[in-house]
Amino acid sequence: MKKTFTLLTLMLIAMFGFAQSFVMINTDNQQETEDLFNNSNLKIHYYTDNFVLATAKTVDESMKVLDSQAFSDNDVYTLVYCPQTEQQNYLGDGEALLQTSNFVLVKGAAMPYKNDGAVAIFNKEAKLPVATRDFPVVTAENPIIRGMMDQVNMDSLEATVQHLQDYQSRMWNSDNAFAASDWIAGRMAALGLEVEQQPFYASTWTGGGEAAPNVIGIQRGTLYPDVYVVCGSHFDSFSYEAMYGSGNCPGADDNATGVASVLESARIMTQYEFEYSIVYCAYGCEEMGLYGSEAYASRCQQEGMEIIGYFNNDMNGYLYGDAIHIDCIYPNSVAQIGDYYMNVANIYFPEMQVRHVTLSGGDSDHTSFNQHGYKGIYPFEDVDHYSPYIHTPNDMIGQSVNSFEMGQRYCQMNIGCLTEIATVVDHTNVSEIDDINDEVVRYEVYDLMGRPVYSEKSVSTNIDKISVNNLKSGVYMIRFVMKNGNVVTRKFVKE
Ligand SMILES: [Zn+2]
(Lines give C-alpha, C1' and ligand atoms only; values in the text may rest on other atoms or scores of the structure.)
Protein backbone atom coordinates (compact mmCIF):
# COMPACT_ATOMS: atom_id res chain seq x y z
CA MET A 1 0.00 0.00 0.00
CA LYS A 2 2.68 2.40 1.07
CA LYS A 3 4.79 1.45 -1.90
CA THR A 4 1.92 2.17 -4.29
CA PHE A 5 1.38 5.50 -2.62
CA THR A 6 5.04 6.45 -3.04
CA LEU A 7 4.99 5.43 -6.64
CA LEU A 8 1.86 7.45 -7.24
CA THR A 9 3.42 10.48 -5.57
CA LEU A 10 6.50 10.13 -7.71
CA MET A 11 4.36 9.89 -10.80
CA LEU A 12 2.41 12.97 -9.80
CA ILE A 13 5.65 14.89 -9.22
CA ALA A 14 6.88 13.72 -12.59
CA MET A 15 3.70 14.92 -14.21
CA PHE A 16 3.04 18.13 -12.33
CA GLY A 17 5.78 18.80 -9.81
CA PHE A 18 8.09 20.55 -12.21
CA ALA A 19 5.43 22.14 -14.37
CA GLN A 20 6.40 25.64 -15.35
CA SER A 21 3.97 28.43 -15.97
CA PHE A 22 3.37 30.38 -19.15
CA VAL A 23 3.21 33.98 -17.99
CA MET A 24 2.90 37.55 -19.20
CA ILE A 25 4.92 40.35 -17.60
CA ASN A 26 4.22 43.97 -18.45
CA THR A 27 7.17 46.25 -19.19
CA ASP A 28 7.40 50.03 -19.12
CA ASN A 29 10.69 50.53 -20.91
CA GLN A 30 13.58 48.88 -22.70
CA GLN A 31 15.64 48.49 -19.50
CA GLU A 32 12.89 46.44 -17.89
CA THR A 33 12.76 44.20 -20.94
CA GLU A 34 16.53 43.69 -20.80
CA ASP A 35 16.37 42.87 -17.07
CA LEU A 36 13.79 40.18 -17.76
CA PHE A 37 15.99 38.66 -20.46
CA ASN A 38 18.75 38.45 -17.84
CA ASN A 39 16.51 36.79 -15.26
CA SER A 40 17.41 33.10 -14.97
CA ASN A 41 13.94 32.27 -13.64
CA LEU A 42 12.53 33.05 -17.08
CA LYS A 43 12.73 31.63 -20.57
CA ILE A 44 11.40 34.41 -22.76
CA HIS A 45 9.59 33.36 -25.91
CA TYR A 46 8.37 36.70 -27.19
CA TYR A 47 8.62 40.37 -26.38
CA THR A 48 7.02 43.64 -27.47
CA ASP A 49 7.57 47.19 -26.22
CA ASN A 50 4.89 46.56 -23.57
CA PHE A 51 5.16 42.98 -22.38
CA VAL A 52 7.02 39.69 -22.53
CA LEU A 53 5.63 36.16 -22.74
CA ALA A 54 7.76 33.64 -20.90
CA THR A 55 7.96 30.31 -19.16
CA ALA A 56 8.63 30.89 -15.44
CA LYS A 57 10.09 28.32 -13.02
CA THR A 58 8.57 30.17 -10.09
CA VAL A 59 5.81 32.71 -10.21
CA ASP A 60 5.69 36.07 -8.41
CA GLU A 61 3.19 38.91 -8.25
CA SER A 62 4.69 40.73 -11.26
CA MET A 63 3.50 37.88 -13.48
CA LYS A 64 0.13 37.09 -14.91
CA VAL A 65 -0.18 33.31 -15.19
CA LEU A 66 -1.80 32.45 -18.51
CA ASP A 67 -1.29 28.70 -18.47
CA SER A 68 -0.08 26.82 -15.40
CA GLN A 69 1.60 24.19 -17.57
CA ALA A 70 3.48 25.89 -20.35
CA PHE A 71 3.44 24.07 -23.68
CA SER A 72 2.03 20.95 -22.02
CA ASP A 73 -0.25 19.85 -24.85
CA ASN A 74 0.18 22.59 -27.39
CA ASP A 75 3.23 23.47 -29.51
CA VAL A 76 2.21 27.09 -30.00
CA TYR A 77 0.26 29.93 -28.44
CA THR A 78 -1.15 32.44 -30.91
CA LEU A 79 -1.55 36.20 -30.65
CA VAL A 80 -4.43 37.43 -32.78
CA TYR A 81 -4.68 41.19 -33.14
CA CYS A 82 -8.40 41.85 -33.22
CA PRO A 83 -10.94 44.18 -31.50
CA GLN A 84 -12.33 42.63 -28.32
CA THR A 85 -15.91 42.47 -29.56
CA GLU A 86 -14.92 40.12 -32.38
CA GLN A 87 -12.28 37.98 -30.66
CA GLN A 88 -14.59 35.06 -29.96
CA ASN A 89 -14.78 34.36 -33.71
CA TYR A 90 -11.05 33.89 -34.18
CA LEU A 91 -10.11 31.30 -31.58
CA GLY A 92 -9.90 28.42 -34.05
CA ASP A 93 -9.80 25.27 -31.93
CA GLY A 94 -7.93 27.07 -29.17
CA GLU A 95 -8.85 28.50 -25.83
CA ALA A 96 -8.64 32.25 -25.06
CA LEU A 97 -6.10 32.80 -22.26
CA LEU A 98 -6.15 36.58 -22.28
CA GLN A 99 -8.30 39.17 -23.99
CA THR A 100 -7.33 42.84 -24.24
CA SER A 101 -8.81 45.69 -26.26
CA ASN A 102 -6.68 44.88 -29.30
CA PHE A 103 -5.55 41.26 -29.09
CA VAL A 104 -6.47 37.83 -27.85
CA LEU A 105 -3.88 35.26 -26.78
CA VAL A 106 -4.96 31.74 -27.66
CA LYS A 107 -3.67 28.40 -26.41
CA GLY A 108 -2.94 26.50 -29.60
CA ALA A 109 -3.28 27.67 -33.19
CA ALA A 110 -5.85 30.31 -34.04
CA MET A 111 -7.36 32.08 -37.02
CA PRO A 112 -5.88 35.30 -38.39
CA TYR A 113 -8.19 38.30 -37.99
CA LYS A 114 -9.99 39.28 -41.21
CA ASN A 115 -7.67 42.13 -42.17
CA ASP A 116 -4.61 41.26 -40.17
CA GLY A 117 -2.30 38.42 -39.38
CA ALA A 118 -1.46 36.34 -36.35
CA VAL A 119 1.77 35.60 -34.50
CA ALA A 120 2.57 32.09 -33.34
CA ILE A 121 4.60 31.90 -30.10
CA PHE A 122 6.88 28.84 -30.05
CA ASN A 123 8.67 27.03 -27.27
CA LYS A 124 11.96 28.64 -28.28
CA GLU A 125 14.07 31.14 -26.45
CA ALA A 126 13.93 34.68 -27.87
CA LYS A 127 17.02 36.87 -28.05
CA LEU A 128 17.13 40.65 -27.91
CA PRO A 129 18.76 42.36 -30.91
CA VAL A 130 22.50 42.86 -30.52
CA ALA A 131 24.58 45.37 -32.44
CA THR A 132 27.47 43.65 -34.19
CA ARG A 133 28.34 46.69 -36.31
CA ASP A 134 26.96 50.20 -36.61
CA PHE A 135 24.67 51.27 -39.39
CA PRO A 136 26.43 53.69 -41.75
CA VAL A 137 25.70 57.39 -41.51
CA VAL A 138 24.68 58.55 -44.96
CA THR A 139 25.60 62.18 -45.62
CA ALA A 140 25.22 62.42 -49.40
CA GLU A 141 23.76 60.52 -52.32
CA ASN A 142 25.92 57.79 -53.79
CA PRO A 143 25.54 58.20 -57.58
CA ILE A 144 25.87 54.45 -58.13
CA ILE A 145 23.02 53.78 -55.69
CA ARG A 146 20.91 56.53 -57.27
CA GLY A 147 21.59 54.80 -60.58
CA MET A 148 20.24 51.54 -59.17
CA MET A 149 17.13 53.27 -57.83
CA ASP A 150 16.50 54.82 -61.24
CA GLN A 151 16.29 51.34 -62.74
CA VAL A 152 13.28 50.28 -60.63
CA ASN A 153 10.72 49.60 -63.30
CA MET A 154 6.96 49.79 -62.69
CA ASP A 155 6.16 47.39 -65.55
CA SER A 156 8.51 44.87 -64.03
CA LEU A 157 6.82 45.23 -60.61
CA GLU A 158 3.39 44.90 -62.18
CA ALA A 159 4.35 41.79 -64.15
CA THR A 160 5.34 40.03 -60.91
CA VAL A 161 2.18 41.13 -59.07
CA GLN A 162 0.05 40.03 -62.02
CA HIS A 163 1.75 36.63 -62.17
CA LEU A 164 1.21 35.96 -58.46
CA GLN A 165 -2.36 37.28 -58.56
CA ASP A 166 -3.07 34.85 -61.42
CA TYR A 167 -2.56 31.86 -59.08
CA GLN A 168 -5.97 32.94 -57.64
CA SER A 169 -5.00 31.59 -54.23
CA ARG A 170 -1.70 31.01 -52.45
CA MET A 171 -2.98 29.57 -49.18
CA TRP A 172 -0.08 28.34 -47.05
CA ASN A 173 -0.22 24.62 -47.98
CA SER A 174 -2.04 24.78 -51.30
CA ASP A 175 -0.56 23.42 -54.53
CA ASN A 176 -0.53 26.99 -55.84
CA ALA A 177 1.59 28.16 -52.92
CA PHE A 178 4.12 25.41 -53.71
CA ALA A 179 4.02 26.47 -57.38
CA ALA A 180 4.59 30.10 -56.38
CA SER A 181 7.57 29.07 -54.24
CA ASP A 182 9.07 27.18 -57.21
CA TRP A 183 8.46 30.11 -59.55
CA ILE A 184 10.19 32.56 -57.20
CA ALA A 185 13.11 30.13 -56.79
CA GLY A 186 13.40 29.97 -60.59
CA ARG A 187 13.42 33.76 -60.86
CA MET A 188 16.18 34.00 -58.25
CA ALA A 189 18.26 31.24 -59.85
CA ALA A 190 18.05 33.01 -63.22
CA LEU A 191 19.63 36.06 -61.57
CA GLY A 192 22.59 33.97 -60.46
CA LEU A 193 21.78 33.87 -56.74
CA GLU A 194 22.62 30.86 -54.53
CA VAL A 195 19.07 29.59 -54.06
CA GLU A 196 17.63 27.34 -51.38
CA GLN A 197 14.04 26.31 -50.74
CA GLN A 198 13.73 25.80 -46.98
CA PRO A 199 11.00 23.34 -46.03
CA PHE A 200 9.15 23.75 -42.72
CA TYR A 201 6.04 22.58 -40.90
CA ALA A 202 3.25 24.73 -39.53
CA SER A 203 0.70 23.75 -36.89
CA THR A 204 -2.16 25.96 -37.97
CA TRP A 205 -5.74 25.69 -36.69
CA THR A 206 -6.70 24.01 -39.97
CA GLY A 207 -4.33 21.18 -39.05
CA GLY A 208 -0.56 20.91 -39.14
CA GLY A 209 1.44 20.07 -42.18
CA GLU A 210 4.16 20.95 -44.59
CA ALA A 211 3.97 24.53 -45.80
CA ALA A 212 5.11 25.80 -49.19
CA PRO A 213 8.84 26.33 -48.59
CA ASN A 214 10.67 29.60 -48.01
CA VAL A 215 12.86 30.75 -50.88
CA ILE A 216 16.25 32.10 -49.83
CA GLY A 217 18.58 33.67 -52.42
CA ILE A 218 22.09 34.82 -51.54
CA GLN A 219 24.31 37.27 -53.42
CA ARG A 220 27.81 36.72 -51.98
CA GLY A 221 29.84 39.67 -50.78
CA THR A 222 33.38 40.12 -52.08
CA LEU A 223 35.05 41.13 -48.81
CA TYR A 224 32.67 39.91 -46.09
CA PRO A 225 30.94 36.86 -47.53
CA ASP A 226 29.78 35.77 -44.06
CA VAL A 227 28.22 39.07 -43.00
CA TYR A 228 24.72 39.73 -44.31
CA VAL A 229 22.02 42.29 -44.95
CA VAL A 230 18.63 40.73 -45.54
CA CYS A 231 15.36 41.72 -47.18
CA GLY A 232 12.21 39.63 -47.32
CA SER A 233 8.53 39.30 -48.13
CA HIS A 234 5.87 36.60 -47.76
CA PHE A 235 4.31 35.01 -50.83
CA ASP A 236 1.36 33.19 -49.23
CA SER A 237 -2.10 34.75 -49.24
CA PHE A 238 -5.29 34.26 -47.26
CA SER A 239 -9.04 34.85 -47.26
CA TYR A 240 -11.97 33.15 -45.49
CA GLU A 241 -13.65 32.76 -48.88
CA ALA A 242 -10.71 30.68 -50.10
CA MET A 243 -10.64 28.81 -46.79
CA TYR A 244 -14.28 27.79 -47.09
CA GLY A 245 -14.36 27.32 -50.86
CA SER A 246 -16.53 30.27 -51.83
CA GLY A 247 -13.91 32.53 -53.43
CA ASN A 248 -10.23 33.27 -54.03
CA CYS A 249 -7.41 35.07 -52.32
CA PRO A 250 -5.43 36.71 -55.12
CA GLY A 251 -3.27 38.55 -52.56
CA ALA A 252 -2.11 41.31 -54.93
CA ASP A 253 -1.34 43.96 -52.33
CA ASP A 254 -0.87 41.38 -49.54
CA ASN A 255 1.69 40.39 -50.57
CA ALA A 256 2.50 40.05 -54.26
CA THR A 257 3.69 43.68 -54.05
CA GLY A 258 6.30 42.81 -51.41
CA VAL A 259 7.60 39.84 -53.42
CA ALA A 260 7.76 42.09 -56.50
CA SER A 261 9.85 44.60 -54.54
CA VAL A 262 12.30 41.91 -53.39
CA LEU A 263 12.65 40.37 -56.89
CA GLU A 264 13.04 43.78 -58.56
CA SER A 265 15.71 44.72 -56.01
CA ALA A 266 17.51 41.46 -56.83
CA ARG A 267 17.17 42.01 -60.60
CA ILE A 268 18.95 45.35 -60.29
CA MET A 269 21.41 44.63 -57.50
CA THR A 270 22.75 41.42 -59.05
CA GLN A 271 24.23 43.60 -61.81
CA TYR A 272 26.62 44.98 -59.18
CA GLU A 273 29.09 43.59 -56.66
CA PHE A 274 28.97 44.31 -52.96
CA GLU A 275 31.41 43.89 -50.10
CA TYR A 276 28.80 42.28 -47.82
CA SER A 277 26.46 39.43 -48.69
CA ILE A 278 22.82 40.18 -49.46
CA VAL A 279 19.96 37.76 -48.80
CA TYR A 280 16.64 37.98 -50.66
CA CYS A 281 13.84 36.03 -48.96
CA ALA A 282 10.30 34.98 -49.85
CA TYR A 283 8.49 33.21 -46.99
CA GLY A 284 5.63 30.79 -46.87
CA CYS A 285 2.88 30.75 -44.26
CA GLU A 286 3.10 34.27 -42.88
CA GLU A 287 -0.64 34.73 -42.59
CA MET A 288 -1.18 31.90 -40.08
CA GLY A 289 1.41 33.25 -37.66
CA LEU A 290 4.76 34.18 -39.28
CA TYR A 291 5.73 30.50 -39.54
CA GLY A 292 8.05 30.81 -42.56
CA SER A 293 10.12 33.76 -41.36
CA GLU A 294 10.29 32.20 -37.88
CA ALA A 295 11.75 29.03 -39.41
CA TYR A 296 14.38 31.07 -41.24
CA ALA A 297 15.25 33.66 -38.57
CA SER A 298 15.54 31.06 -35.80
CA ARG A 299 17.85 29.00 -38.01
CA CYS A 300 19.98 32.10 -38.64
CA GLN A 301 20.26 32.57 -34.86
CA GLN A 302 21.16 28.91 -34.30
CA GLU A 303 23.84 29.05 -36.99
CA GLY A 304 25.21 32.29 -35.53
CA MET A 305 24.78 34.18 -38.79
CA GLU A 306 25.82 37.81 -38.55
CA ILE A 307 23.00 39.94 -40.00
CA ILE A 308 23.45 43.71 -39.87
CA GLY A 309 19.84 44.61 -40.67
CA TYR A 310 16.56 43.17 -41.96
CA PHE A 311 14.20 45.10 -44.27
CA ASN A 312 10.65 43.80 -44.63
CA ASN A 313 8.47 44.17 -47.71
CA ASP A 314 4.78 43.55 -47.00
CA MET A 315 2.12 45.59 -48.85
CA ASN A 316 3.23 48.63 -50.83
CA GLY A 317 0.62 49.15 -53.55
CA TYR A 318 -2.33 50.93 -51.95
CA LEU A 319 -1.86 54.70 -51.95
CA TYR A 320 -4.13 56.73 -49.69
CA GLY A 321 -4.12 60.42 -50.62
CA ASP A 322 -1.91 62.01 -53.25
CA ALA A 323 1.58 61.94 -51.77
CA ILE A 324 3.60 58.75 -51.37
CA HIS A 325 4.52 58.31 -47.72
CA ILE A 326 5.90 55.49 -45.56
CA ASP A 327 4.91 54.37 -42.07
CA CYS A 328 7.76 52.54 -40.33
CA ILE A 329 7.00 49.86 -37.77
CA TYR A 330 9.66 48.62 -35.36
CA PRO A 331 10.03 48.07 -31.62
CA ASN A 332 12.14 50.27 -29.33
CA SER A 333 14.77 47.54 -29.14
CA VAL A 334 15.85 48.31 -32.71
CA ALA A 335 15.69 52.11 -32.76
CA GLN A 336 19.02 52.24 -34.64
CA ILE A 337 17.57 50.66 -37.77
CA GLY A 338 14.66 53.10 -37.57
CA ASP A 339 17.05 56.04 -37.44
CA TYR A 340 19.03 54.54 -40.31
CA TYR A 341 15.90 54.15 -42.47
CA MET A 342 14.96 57.82 -41.84
CA ASN A 343 18.53 58.84 -42.70
CA VAL A 344 18.44 57.04 -46.08
CA ALA A 345 14.97 58.46 -46.85
CA ASN A 346 16.14 61.97 -45.94
CA ILE A 347 19.12 61.86 -48.28
CA TYR A 348 17.44 60.24 -51.29
CA PHE A 349 13.81 61.41 -50.93
CA PRO A 350 13.91 64.52 -48.73
CA GLU A 351 10.35 65.55 -49.64
CA MET A 352 8.78 62.24 -48.61
CA GLN A 353 7.00 61.89 -45.28
CA VAL A 354 8.33 58.95 -43.25
CA ARG A 355 6.94 58.34 -39.76
CA HIS A 356 7.77 55.95 -36.94
CA VAL A 357 4.46 54.42 -35.95
CA THR A 358 3.25 51.55 -33.86
CA LEU A 359 0.78 49.17 -35.40
CA SER A 360 -1.94 48.47 -32.87
CA GLY A 361 -3.09 45.44 -34.84
CA GLY A 362 -1.20 42.99 -36.95
CA ASP A 363 2.39 42.09 -37.43
CA SER A 364 4.77 40.89 -40.10
CA ASP A 365 7.99 39.00 -40.74
CA HIS A 366 10.41 41.63 -39.33
CA THR A 367 9.13 40.45 -35.93
CA SER A 368 10.68 37.02 -36.43
CA PHE A 369 14.08 38.69 -36.85
CA ASN A 370 13.53 41.01 -33.89
CA GLN A 371 12.80 37.94 -31.72
CA HIS A 372 16.05 36.23 -32.74
CA GLY A 373 18.73 38.81 -32.02
CA TYR A 374 18.50 40.88 -35.22
CA LYS A 375 17.36 44.37 -36.10
CA GLY A 376 14.37 44.35 -38.43
CA ILE A 377 12.11 47.12 -39.73
CA TYR A 378 8.76 47.11 -41.50
CA PRO A 379 8.10 50.02 -43.87
CA PHE A 380 4.34 49.85 -44.34
CA GLU A 381 1.41 51.57 -46.03
CA ASP A 382 -0.44 54.18 -44.04
CA VAL A 383 -1.31 52.42 -40.73
CA ASP A 384 -4.62 54.27 -40.57
CA HIS A 385 -5.47 53.76 -44.24
CA TYR A 386 -3.94 50.59 -45.60
CA SER A 387 -5.67 48.56 -48.28
CA PRO A 388 -9.16 47.59 -47.04
CA TYR A 389 -9.29 44.73 -49.59
CA ILE A 390 -6.59 42.49 -48.13
CA HIS A 391 -7.66 38.97 -47.10
CA THR A 392 -10.62 39.17 -49.51
CA PRO A 393 -11.21 38.03 -53.10
CA ASN A 394 -10.93 41.73 -54.05
CA ASP A 395 -7.23 42.10 -53.24
CA MET A 396 -6.36 42.69 -56.89
CA ILE A 397 -4.55 45.14 -59.16
CA GLY A 398 -6.82 48.15 -59.61
CA GLN A 399 -8.66 48.84 -56.39
CA SER A 400 -6.25 47.20 -53.96
CA VAL A 401 -3.00 47.88 -55.81
CA ASN A 402 -3.78 51.35 -57.10
CA SER A 403 -0.25 52.78 -57.42
CA PHE A 404 2.82 51.13 -58.87
CA GLU A 405 4.59 54.46 -58.34
CA MET A 406 4.24 53.77 -54.66
CA GLY A 407 5.62 50.24 -55.12
CA GLN A 408 8.51 51.76 -57.06
CA ARG A 409 9.36 54.10 -54.17
CA TYR A 410 9.23 51.33 -51.56
CA CYS A 411 11.51 49.24 -53.76
CA GLN A 412 13.90 52.16 -54.20
CA MET A 413 14.06 52.57 -50.43
CA ASN A 414 14.66 48.82 -50.04
CA ILE A 415 17.58 49.07 -52.48
CA GLY A 416 18.95 52.22 -50.81
CA CYS A 417 18.88 50.70 -47.32
CA LEU A 418 20.48 47.43 -48.43
CA THR A 419 23.20 48.90 -50.62
CA GLU A 420 24.33 51.70 -48.30
CA ILE A 421 25.17 48.89 -45.87
CA ALA A 422 26.34 46.27 -48.37
CA THR A 423 28.75 48.80 -49.94
CA VAL A 424 28.90 48.59 -53.70
CA VAL A 425 32.27 47.66 -55.15
CA ASP A 426 33.42 50.49 -57.38
CA HIS A 427 35.54 49.20 -60.25
CA THR A 428 36.23 52.52 -61.91
CA ASN A 429 39.80 52.94 -63.07
CA VAL A 430 41.33 49.88 -61.57
CA SER A 431 41.61 48.17 -64.93
CA GLU A 432 45.41 48.34 -64.76
CA ILE A 433 45.39 45.89 -61.90
CA ASP A 434 42.86 43.48 -63.34
CA ASP A 435 45.60 41.06 -64.37
CA ILE A 436 46.52 40.36 -60.75
CA ASN A 437 44.62 37.16 -60.29
CA ASP A 438 47.23 34.67 -59.32
CA GLU A 439 47.11 33.33 -55.77
CA VAL A 440 47.02 36.62 -53.89
CA VAL A 441 47.04 36.03 -50.14
CA ARG A 442 46.94 39.65 -49.06
CA TYR A 443 47.25 43.17 -50.35
CA GLU A 444 47.93 46.62 -48.99
CA VAL A 445 47.11 50.01 -50.44
CA TYR A 446 49.38 53.05 -49.87
CA ASP A 447 49.00 56.68 -50.77
CA LEU A 448 51.82 58.40 -52.70
CA MET A 449 53.47 59.39 -49.42
CA GLY A 450 53.75 55.69 -48.65
CA ARG A 451 51.21 55.78 -45.84
CA PRO A 452 49.10 52.61 -45.59
CA VAL A 453 45.43 53.40 -46.22
CA TYR A 454 43.92 49.95 -46.56
CA SER A 455 44.84 46.33 -46.21
CA GLU A 456 43.14 43.00 -46.69
CA LYS A 457 44.86 40.20 -44.82
CA SER A 458 42.81 37.15 -45.61
CA VAL A 459 42.03 36.96 -49.28
CA SER A 460 40.49 33.51 -49.48
CA THR A 461 40.25 33.04 -53.23
CA ASN A 462 41.94 34.32 -56.33
CA ILE A 463 40.89 37.85 -57.06
CA ASP A 464 40.69 39.79 -60.24
CA LYS A 465 39.20 42.97 -58.85
CA ILE A 466 39.52 44.85 -55.62
CA SER A 467 37.32 47.28 -53.78
CA VAL A 468 38.47 50.90 -53.68
CA ASN A 469 35.27 52.63 -52.72
CA ASN A 470 36.43 53.63 -49.27
CA LEU A 471 39.29 55.62 -50.77
CA LYS A 472 39.23 59.30 -51.62
CA SER A 473 39.98 60.32 -55.21
CA GLY A 474 43.69 60.22 -55.96
CA VAL A 475 46.67 58.10 -56.96
CA TYR A 476 47.61 55.05 -54.91
CA MET A 477 50.07 52.21 -54.84
CA ILE A 478 48.84 48.66 -54.23
CA ARG A 479 51.13 45.89 -53.07
CA PHE A 480 50.03 42.30 -53.65
CA VAL A 481 51.60 39.44 -51.73
CA MET A 482 51.35 36.14 -53.61
CA LYS A 483 51.10 32.64 -52.22
CA ASN A 484 54.66 31.86 -53.39
CA GLY A 485 55.96 34.91 -51.51
CA ASN A 486 56.40 37.12 -54.56
CA VAL A 487 55.33 40.73 -54.22
CA VAL A 488 53.87 42.77 -57.07
CA THR A 489 53.33 46.51 -56.77
CA ARG A 490 51.14 48.59 -59.07
CA LYS A 491 49.92 52.14 -59.26
CA PHE A 492 46.24 53.03 -59.80
CA VAL A 493 43.94 56.03 -59.93
CA LYS A 494 40.70 56.33 -57.97
CA GLU A 495 38.56 58.95 -59.71
ZN1 LIG B 1 1.05 40.41 -45.51
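Let's start in the loop between β12 (276-283) and α8 (291-302), where Cys285 is found. Helices and strands here are DSSP runs, numbered from the N terminus: helices are H or I with at least four residues, strands E with at least two. Phi of Cys285 is near 50°, a positive value, and Cys285 is not a glycine. Most residues other than glycine have a negative phi, and most peptide bonds are trans. Cys285 is also buried, with 31 other C-beta atoms within 10 Å. Buried means 20 or more other C-beta atoms within 10 Å of the residue's own; exposed means 12 or fewer; partly exposed is in between; C-beta atoms are placed from the backbone.

A word on the model. It is predicted: local features need pLDDT of at least 70, side-chain atom pairs count only at pLDDT 80 or more, and totals for chains, interfaces and linings use all residues. Residues are numbered from 1 along each chain as its sequence is written.

Next, Met315. It sits in the loop between β13 (306-312) and β14. Is Met315 buried or exposed? Buried, with 28 C-beta neighbours inside 10 Å.

Now a cis peptide bond. It runs from Asp254 to Asn255, with omega near 10°. Asn255 is found in helix α7 (residues 252-269).

On to the strands. β14 (residues 325-329) and β15 (residues 353-357) pair in the parallel sense over five bridges. Pairing takes at least two DSSP bridges between two strands. From β14 the chain crosses through helix α9 (residues 335-348) to β15, and this β-α-β crossover is right-handed. That is, with the strands pointing away from the viewer, the path from the first strand over the helix to the second runs clockwise.

Helix α3 (residues 143-150) next. Ile145, Met148 and Met149 are buried there. Down the axis of α3, its buried residues fall within an arc of 100°, so they line one face. The arc is taken over directions from the helix axis to the C-beta atoms. The face turned away carries the exposed Pro143, Gly147 and Asp150. What covers the buried residues of α3 includes α7, α9 and α11.

Last, the core. The largest nonpolar core has 122 residues, and Tyr280 is among those touching the most other members. Such a core is a set of buried Ala, Val, Leu, Ile, Met, Phe, Trp, Tyr and Cys residues joined through C-beta atoms within 7 Å. Helix α11 (residues 404-422) gives the largest share, ten residues.

Definitions and conventions. Two residues are in contact if their C-beta atoms, placed from the backbone, lie within 7 Å.
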